[in-house]
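Subject: Structure for you to look at

Dear colleague,

I am passing on the structure we talked about, together with some notes on what came out of it.

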Amino acid sequence: MTQLKPFLSDNAAPVHPKVWEAMRAADSADNPYDGDTLSAQLDERFSDLFGRECAALWTATGTSANCLALGTLCQPHGAVVCHEEAHIEVDEGGAPGFYLHGAKLIHVGGDGAQLTPAAIAEVIDPIRDDVHQVQAHAISITQASEYGRSYTPHELGALSDFAKKRGLGLHMDGARFANSAAFLGGSAAAAVGQVDSLAFGFIKNGAMGAEAVILFDPDRAAEVKYRRKRAGHLQCKGRYLAAQILAMLEGDLWLANARHANAAAQDIASGCGDRLMHAVEANELFVRLSPTEREALRAQDFAFYDWGDDAARFVTAWDTRADDASVLGKAIASL
């Protein structure tokens with residue numbers, strides 16, 4: 001059987017060997033839930049990474065990480081402002097409404113699935129300030145966005161200033177946060193800006209099943225712990241989740257993995273020319289391809305998802321082979 005060249009999703013990538021090693025090293029008796037020695041290290045490690053005090057809690061999925069964080073910023077009678085193609089709207093099965101006990105999502109448009117203060121204001125300004133209309137409580141942005149675009153520090157600063165002036169919380173869905181940080185030069189602090197909370201993704205970048213909820217107001221951690229338990233995400237052997245996260249932080253493995261994936265994406269992009277629908281600022285490429293052209297690539301054993309009728313999405317990962325990326329770029333160029 002021919003070996004497929006995988007560009008379906010970074011979710012399909014294997015677990016990094018160093019993560020397996022860390023989980024094996026954690027395979028001994030310790031306190032249950034989050035009372036173990038590894039979980040106790042998370043606050044300090046992430047505070048060092050971001051250069052400011054924060055609280056960090058593990059959870060098993062990106063959906064739960066997003067919703068647990070948003071729960072601290074939005075009341076059930078309020079709303080979260082997000083892009084109309086945000087993951088919390090399109091791909092989380094109504095989980096935000098479930099976790100936030102009925103809170104609404106207010107949709108805003110924007111190129112590259114990114115938000116701007118002006119676009120947000122255009123949508124929320126007409127909302128009357130009375131009990132008959134749902135009021136915005138928070139903004140959620142995605143880094144990198146659903147189209148692989150990365151918010152710059154300047155753009156993050158503008159959004160943070162806007163949120164503060166309007167009294168809104170600011171949340172970041174960071175499923176591919178590492179890829180944006182790598183694109184922006186390697187600084188976690190620059191890639192996160194002054195958001196209130198971050199769902200720091202590790203699974204797409206080499207972990208097995210661990211994400212981190214980062215709270216830049218550590219006093220909110222107690223609330224999230226209660227929410228995590230009620231939501232069914234307090235795992236009794238939490239040390240295995242903490243072990244994965246710490247392994248990814250050790251020696252900046254999270255950043256090295258992301259840089260590798262980004263480099264592979266850039267290699268592919270070099271063969272796409274004006275077929276690219278969006279600038280490649282992480283590890284995703286959206287490429288204009290006809291049905292016939294897509295079938296021609298699949299006949300060469302490339303695996304990827306269709307994106308509408310006339311495009312395809314290609315995603316690279318920490319384990320993408322340089323040869324596969326190069327061959328794909330050349331195959332697209334030759335169409």
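In the protein chain, 75% of the contacts with a separation of 6 or more are between residues 24 or more positions apart. Please keep in mind that this is a predicted model, and that the values below were computed from it.

As for the overall build, the protein chain contains 14 helices and twelve strands, and its C-alpha trace spans about 55 × 55 × 30 Å along the principal axes. The radius of gyration is 20 Å, which agrees with the value near 20 Å that a compact globule of 335 residues would have.

S197 belongs to strand β7, which covers residues 197–200, and S197 is buried, because its relative accessible area of 1% falls under the 20% cut-off. Leaving aside residues up to four places away in sequence, S197 touches A69, L73, L170, H171, M172, I214, L215 and F216.

E211 is found in strand β8, made up of residues 211–215, and with a relative accessibility of 7% E211 also counts as buried. Its contacts, again without residues up to four places away in sequence, include W58, T59, A60, T61 and G62, as well as F200, G201, F202 and I203. E211 and G174 are 37 residues apart in sequence, and their C-alpha atoms are 9.6 Å apart in space.

A disulfide is a covalent bond between the sulfur atoms of two cysteines. In the case of C67, the closest cysteine sulfur is that of C74, and because the two sulfur atoms are 11 Å apart, they are too far from each other for a bond. C67 is buried, at 2% relative accessibility, whereas C236 is partly exposed, with a relative accessible area of 45%.

Definitions and conventions: Residues numbered from 1 in each chain as written. Predicted model: local features only at pLDDT ≥ 70, side-chain atom pairs only at ≥ 80, totals over all residues. Heavy atoms only, no water. Helix = DSSP H or I, 4+ residues; strand = E, 2+ residues; numbered from the N terminus. Rg over C-alpha atoms; globule rule 2.2 N^0.38 Å. Contact = heavy atoms within 4.5 Å. Buried < 20%, exposed > 50% of the residue type's maximum accessible area, 1.4 Å probe, protein only. Disulfide = S-S within 2.5 Å.
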